[in-house]
Amino acid sequence: IDPVMSAQDQFRSLNAARFCESTGFAAVDIGARGGLDAAMLPLAWATEMIGFEPEPAEAAALQGADPKPWKVRRVIAAAVGGVDGTATLHIPPSPESASLLPHNEEMVEWFGVSEQHSIDRSIAVDTRTLDGLLAEGTLPPADYIKIDVEGAEGAILEHATRYLETALALRVEVSFLEQRTGQPLGWDVAKLLTDSGFL
């Protein structure tokens, strides 16, 4: 292994890379604020990466970023959730903690992190379901799905039964505290995923 070569270049030099390039991969990043998920970077040259970000300024920044190293890169300015329509995005002073669910203000009292658990502003955003996007042809079947949405994981998964059948792997951020009012906790999300056939 050459320590100077990137992981992407090293993998691309292998015989298996030709298979990967001809087959291709599709990855979906739900909650792409700050940059598209790096887990697929070693296969970026063979991957169609689709990111979702509902906050308009952040979505525009992602759309304007260099599409390299992805084979294809798209950023959709919408939230993924439980409805095809509109929803309210609650944005705290730390915008990476934005959520479609109201923030639980008890967390401020417990942990003193007001910049993550108090609301700075709320905006209306377009919201889509994964099954709706699949049915209309906006999304290809996914090999890899990353979900980091600050509490709306349950709504996404419950309205993605057909889409989840296409996925090989998921990475889902969960919480074991109700940081957003009404959010499913870690064990709830685990049950949704095991009921869908994931290990």
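Predicted model: local features only at pLDDT ≥ 70, side-chain atom pairs only at ≥ 80, totals over all residues.

Residues are numbered from 1 along each chain as its sequence is written, and side-chain values use heavy atoms, with hydrogens and water left out.

In soluble globular proteins, nonpolar side chains tend to be buried together. A nonpolar core is here a set of buried Ala, Val, Leu, Ile, Met, Phe, Trp, Tyr and Cys residues joined through side-chain atoms within 4.5 Å, where buried means under 20% relative accessible area, exposed over 50%, and partly exposed in between (1.4 Å probe, protein chains only). The largest such core has 31 residues, and those with the most contacts inside it are I30, F52, L130, L139, I145 and Y163. Apart from it lies another core, of 15 residues, among them C20, A32, M40 and L62. Within the largest core, L139 is one of the residues with the most contacts; leaving aside residues up to four places away in sequence, L139 touches V28, I50, F52, L130, L133, L134 and Y163, contact meaning heavy atoms within 4.5 Å.

In α9, residues 186–195, the buried positions are G186, V189 and L193. They lie on the same side of α9 because they cover an arc of only 70 degrees around the axis, the arc being that of the directions from the helix axis to the C-beta atoms. What covers these buried residues includes α7 (153–158) and β8 (169–172), whereas the face turned away from the buried side carries the exposed residues W187, K191 and D195. In α3, E58, A59 and L62 are buried. Their arc covers only 100 degrees, which puts them on the same side of α3; β3 is among the elements that cover them, and P56, A57 and G64 are exposed on the other side.

The open spaces come next. On a 1 Å grid over the protein atoms alone, a pocket is an open set of points where a 1.4 Å probe fits, with protein on both sides within 12 Å along at least five of seven lines, and lining residues have an atom within 4 Å of a point. The largest pocket has a volume of about 360 Å³, a volume being the space filled by probe spheres set on the points, which are joined across faces, edges and corners. Of its 24 lining residues, G31, E53, A98, D148 and V149 are the closest to its centre. The second largest pocket has a volume of about 150 Å³, and its lining includes E96, Q116, E150, R180 and Q183.

E150 lies in the loop between β7 and α7 and, at 17% relative accessibility, counts as buried. Elsewhere, a cis peptide bond joins K68 and P69, with omega about 10 degrees, and P69 sits in the loop between α3 and β3.

How values were computed: Helix = DSSP H or I, 4+ residues; strand = E, 2+ residues; numbered from the N terminus.
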